[in-house]
Amino acid sequence: MSKIDLKGAGFATTAIHAGHSRDPEYGALATPIFQTSTYCFDTVEEGGDVFAGKTSKYTYARTGNPTVRTFEKKIATLECAEDAIATGSGMGAISSALIGLLKTGDHVVTADTLYGCTDVVMREILPSFGIETTMVDTSNIEKIEAAIKPNTKIIYFEAAANPTMRVTDVAAIAELKKKHADIKIVVDNTFTPPPILCPIQLGADVVVHSVTKYLNGHGDVIGGVVVGTTEDVAKIRSRAVGKMTGSHQSPFNAYLIIRGMKTLDLRVRKHCANAQEMAEFLEKQPYVSAVYYPGLKSNGKNHEVAMKQFKDGLCTGMVSFEFKEGYNGKGAFENAKKFVNSLTLPGIGVSLGDPDSLIQHPASMTHANVTPEGRKEAGVTDGLIRFSVGLEDVEDLIKDFENAAKAL
Ligand SMILES: Cc1ncc(COP(=O)(O)O)c(C=O)c1O
């Protein structure tokens, strides 16, 4: 079996090789798909020993699978973490992390701008189980500190928030742990995956991803992952994924994700470069009143924090922009709809991080299940459009946008 030493290796090399040991029987280069629900033991005694924790072996695919394990090891390495547990979706990862680490009576300080379903989990689902939540602007450290209570167990936020791209300073929040050692910092890193950001390097405890997005990167899988210490991941694996949520990942999806991650470095850099160009283009358009992209100097504090914590000047492939109220005598929402309906390259749809550009209207799509007050707090206006910039030639995207603007 070939053994590759990844000590000191660069990100692209690590993304290709981490977690993978070449199949000892046939030498297969690609990770084999272990499509099995259960695993057999040689004897009842062996089975008993494994279940008693005396020896270690796979038992049942809800709690572990070799193909899935390859993905878990790969993402743990890339996120500079000890371990990872893969899940069936990003929401599976988020709910498993919360169920695994919290109990009734605990309190969570969470961002007031979140992906729509996470917002509902924070505002409605956790409180229905007796877990209190306080939603604050996590770009403001004083507000976070003021919201901390004796029973606060988690501070939760998206590194770049969906859909407003508000950037939260991970290292500054990690400083709070000096005074509040038993609080865990949980970061949704979906919009800013490695090589952009490794929150654990900056002091976060747990990272969650919708693997559906940049990590898989091809728009053909729903998946999630929780990354963290051996202890936290073991708790989430046994308490949540193994017993409660049952949100394990399928081996076939893990195979596709592993394949997608081999080009993670190339893809993410190109997504970011295209997004930067689109953001700069949009900023100059007369029908746009604001562009939310941390790579723009006009984004003030967001830009400063982004340049400090994101690597190699990379930001994200996501750009949000606001239509100007009253442009050509029309309302912002009316113009937003007309514009998006006139585009030909981007698909009108939710999700992101695919080679194909995707565009959507958060107020009526990804954030439709958030209350109107919640949307207002989060800055999700009716004139806001979220654009997942794909891997097309950026000149073609700009041409498409110029043509769509003729409809306004
Ligand atoms: C930031 C963020 N986190 C989590 C999720 C949920 O992921 P999934 O759709 O894989 O459950 C999404 C989905 O869009 C998201 O944008």
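**View A. Ser95 in helix α4.** Ser95 is partly exposed because its relative accessible area is 24%. Partly exposed falls between two cut-offs: buried means under 20% relative accessible area and exposed means over 50%, computed with a 1.4 Å probe and protein chains only. Ser95 belongs to helix α4. Helices here are DSSP runs of H or I with at least four residues, strands are runs of E with at least two, and both are numbered from the N terminus. Along the chain, Ser95 and Ala240 are 145 residues apart, yet their C-alpha atoms are separated by 8.3 Å.

This is a predicted model, in which local features need pLDDT of at least 70, side-chain atom pairs count only at pLDDT 80 or more, and totals for chains, interfaces and linings use all residues. Residues are numbered from 1 along each chain as its sequence is written, and side-chain values use heavy atoms, with hydrogens and water left out.

**View B. The shell around the ligand.** The ligand is surrounded by 14 residues. Gly90, Asp188, Ser210, Thr212 and Lys213 are the closest. By class, the shell holds 4 nonpolar, 7 polar and 3 charged residues. Here Ala, Val, Leu, Ile, Met, Phe, Trp, Tyr, Cys and Pro count as nonpolar, Asp, Glu, Lys and Arg as charged, and the others, Gly among them, as polar.

View C. A polar backbone atom of Gly90 is 2.8 Å from an oxygen atom of the ligand. For Met91, a backbone N or O atom also lies 2.8 Å from a ligand oxygen. Asn162 uses its side chain: a polar atom there lies 2.9 Å from an oxygen atom of the ligand. The protein buries 92% of the 390 Å² that the ligand exposes when taken alone. Accessible areas come from the Shrake-Rupley method with a 1.4 Å probe.

**View D. Two cis peptide bonds.** Asn162 is joined to Pro163 by a cis peptide bond, with omega near 10 degrees. Pro163 sits in the loop between β4 (152–158) and α7 (170–175). Another cis bond joins Pro194 and Pro195, with omega about 15 degrees. Pro195 is placed in the loop between β5 (184–188) and β6 (206–210).

View E. Met165 is not a glycine, but its phi is positive, at about 65 degrees. Its place is the loop between β4 and α7. Met165 counts as buried because its relative accessibility is 0%. Ser351, also not a glycine, has a positive phi of about 75 degrees. Ser351 is in the loop between β10 (347–348) and β11 (358–360).

**View F. Tyr287 and Phe339.** The ring centres of Tyr287 and Phe339 are 5.3 Å apart and the planes meet at 40 degrees, so the pair is tilted. Rings of Phe, Tyr and Trp (its six-membered ring) pair if their centres lie within 6.5 Å; planes under 30 degrees apart count as stacked, over 60 as edge-to-face and the rest as tilted. This pair links distant parts of the chain, 52 residues apart. Tyr287 is in the loop between α10 (264–283) and β8 (288–292), and Phe339 is in helix α12 (residues 332–342). Tyr287 is buried at 2% relative accessibility, and Phe339 is buried at 0%.

**View G. Phe321 and Phe401.** This aromatic pair is tilted, with 6.3 Å from centre to centre and 50 degrees between the planes. Phe321 lies in strand β9 (residues 318–323) and Phe401 in helix α14 (residues 394–405), 80 residues apart. Phe321 is buried at 0% relative accessibility. Phe401 is buried, with a value of 0%. One aromatic cluster includes Phe321 and Phe401, along with Phe281, Tyr287, Phe323, Tyr327, Phe339 and Phe387. The structure holds 13 aromatic pairs.

**View H. Lys337 over a ring.** Lys337 lies over the face of Phe333, at 4.3 Å from the ring centre. A charge sits over a ring if NZ of Lys or CZ of Arg is within 6 Å of the ring centre and within 35 degrees of the ring normal.

**View I. Ala111 in strand β2.** Ala111 is in strand β2, residues 107–111. Ala111 is buried, with a relative accessible area of 1%. The C-alpha atoms of Ala111 and Ala161 are separated by 8.6 Å, across 50 residues of chain.

How values were computed:
Near = heavy atom within 4 Å. Polar contact = N/O pair within 3.5 Å; in protein donor to acceptor, adjacent residues only side chain to side chain.
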